[in-house]
Amino acid sequence: MNLEPRTLNSEEKVVTGLSRGGRSSDRPAAAERKYDLEERLLEFAAAVIDVSEKLPNTRAGNHLAAQFLRAGTSPYGNHGEAQAPESSEDFIHKMKICLKELRESLRWARLINHKRWLTNDGQLAFVLRESDELMRIFKASIQTAERNRARDRRGNASVPSANR
């Protein structure tokens, strides 16, 4: 019996050897790399936590840390919710929440970078890169789900009802 959690959209669970920040000495070639979205979101949330802990203990630093922490850890949990949707609309809604939180995370990361509170920080650089990549993944997934939903609605509209 396979106890591995199922993934969505035909994702394959593949161990890539990547550590937080995308660093690895045995990194596979780009064409061979496959990522589990849940794992990427986990690494992203962990990096956000680490970055928020490094911010200055000032009024502004604490405010940004709290906002960044909320937005940056939210996609991991919301993606988990999207894996058990009640409908296609529910799936799309939860994926859009993930996208929204990733956009907010990128804004906070850009502000932290602009303030130069963490110069040459690898985890902040990872968050800046990864948030952009994750947003692209979520945007594509949402667009696919919306196309599929529209196709299914058109298909259901053309099927005659037995009770008419």
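## Burial and surface

Of the 164 residues in the chain, 34% are buried. The model is a predicted one. Its accessible surface is about 10,700 Å². Carbon and sulfur atoms account for 48% of that area.

## Fold outline

The chain has four helices and zero strands. In sequence order, the pattern reads α-α-α-α.

## Packing of α1 and α2

Helix α1 spans residues 37-54, and helix α2 spans residues 59-82. The two pack at an angle of about 165°. Their axes lie 9 Å apart. Because angles over 145 degrees count as roughly antiparallel, α1 is roughly antiparallel to α2. The crossing of the two helices is left-handed.

## The α1/α2 contact

Which residues of α1 meet α2? The α1 side consists of Leu37, Glu38, Leu41, Leu42, Phe44, Ala45, Val48, Ile49, Val51 and Ser52. Facing them in α2 are Ala65, Phe68, Leu69, Gly72, Thr73, Pro75, Tyr76 and His79.

By class, the residues of this contact comprise 13 nonpolar, four polar and one charged. Glu counts as charged, and Glu38 is among the α1 residues in the contact. Gly counts as polar, and Gly72 is one of the residues on the α2 side.

Key
Residues numbered from 1 in each chain as written. Predicted model: local features only at pLDDT ≥ 70, side-chain atom pairs only at ≥ 80, totals over all residues. Heavy atoms only, no water. Axes fitted to C-alpha atoms, helices over the stretch in contact; angles between N-to-C directions. Parallel < 35°, antiparallel > 145°, perpendicular 65-115°, else oblique. Left-handed = near helix turned anticlockwise from the far one by under 90°. Contact = heavy atoms within 4.5 Å. Buried < 20%, exposed > 50% of the residue type's maximum accessible area, 1.4 Å probe, protein only. Areas by Shrake-Rupley, 256 points an atom, 1.4 Å probe, with all protein chains shown as cover.
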